[in-house]
Amino acid sequence: MKRLAILLSVVLSTSFAFGQDKTADQFKNEGNEFVRQKNYSQALDSYNEAFKLWGDKPDTATIFNAAICALNVKNYDMALEYFKKSSDFGYKKADADFRITQIYKAQKKDEEYFNAVKAGYENYKNGKTAMLFKKELCKYYRNKGMAQFNEAAGIVAKMQTAKADQMDKLKAEAKTKFDEAKALLDKALEVDPEDKGAKEISAKVEASKATL
């Protein structure tokens, strides 16, 4: 009788435990509800539980949603991981690829950012995403060109008070910086020939270089 009572207790406990377990879809739906409440941290926790249960066959929409949640809570490493997975699965690939560039920018990873932007510019030729990558790459080259121009202008400013024996060296340094600025601005205008900012800075480079 005692053995039967123990066995019954084990069965009931096991049944209760199974009743308490959530499925992957239940975790996903729970996460979606947290998103509607703008509770992105809790949503991310629920989505991660769903991924554990899905294993190597996750719901691709949930991967993208998890990336958005991670982005909202500024967990850039996790957001990057999920956006890359979303891209690999082909779910909202263009959107995921562009958001990857913005994460690299936020992390100040200049080389990774540039490579991702350049790849996006080369891979997407039509539509809204193509335009976003075009603007991003043009802006990258324009800003880099502007930085070189500012350095050159700083050298020119030093020349105003420099000794005679320093002039040739400073002039050569300024010319190098102006040339580097022009090369970067030319790349910006190659990407977008109508970019007003790149045109204006390029004209300033030419005018300043002519005074050396």
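A crossing is called left-handed if the near helix is turned anticlockwise from the far one by less than a right angle, and right-handed if clockwise. The model is predicted, with local features needing pLDDT of at least 70 and side-chain atom pairs pLDDT 80 or more, while totals for chains, interfaces and linings use all residues. Residues are numbered from 1 along each chain as its sequence is written, and side-chain values use heavy atoms, without hydrogens and water.

Let us begin with α4 and α6. Helices here are DSSP runs of H or I, at least four residues, numbered from the N terminus. The crossing of α4 and α6 is left-handed. Helix α4 covers residues 60–72 and helix α6 residues 93–106, and they pack at about 20 degrees with axes 12 Å apart. Axes are lines fitted to C-alpha atoms over the stretch in contact, and angles run from 0 to 180 degrees between N-to-C directions. The two are therefore roughly parallel (under 35 degrees; over 145 counts as roughly antiparallel). F64, I68 and L71 of α4 meet D95, A96, R99 and I103 of α6, contact being heavy atoms within 4.5 Å.

How do α5 and α6 pack? Their angle is about 155 degrees, and their axes are 8 Å apart. α5 and α6 are therefore roughly antiparallel. Their crossing is again left-handed. The residues in contact include F83 and K84 of α5 and K93 and I100 of α6. By class, this contact has 9 nonpolar, 2 polar and 4 charged residues.

Finally, the pocket. The largest pocket holds about 150 Å³ of space. A pocket is an open set of points on a 1 Å grid where a 1.4 Å probe fits, with protein on both sides within 12 Å along at least five of seven lines; lining residues have an atom within 4 Å of a point. Which element gives the most to this lining? It is α7, with 4 residues. Among the lining residues are K84, K93, I100 and N123. The lining divides into 5 nonpolar, 3 polar and 4 charged residues.

Note on methods:
Angles under 35 degrees count as roughly parallel, over 145 as roughly antiparallel, 65 to 115 as roughly perpendicular and the rest as oblique. Grid points are joined across faces, edges and corners, and a volume is the space filled by probe spheres set on the points. Ala, Val, Leu, Ile, Met, Phe, Trp, Tyr, Cys and Pro count as nonpolar, Asp, Glu, Lys and Arg as charged, and the others, Gly among them, as polar.
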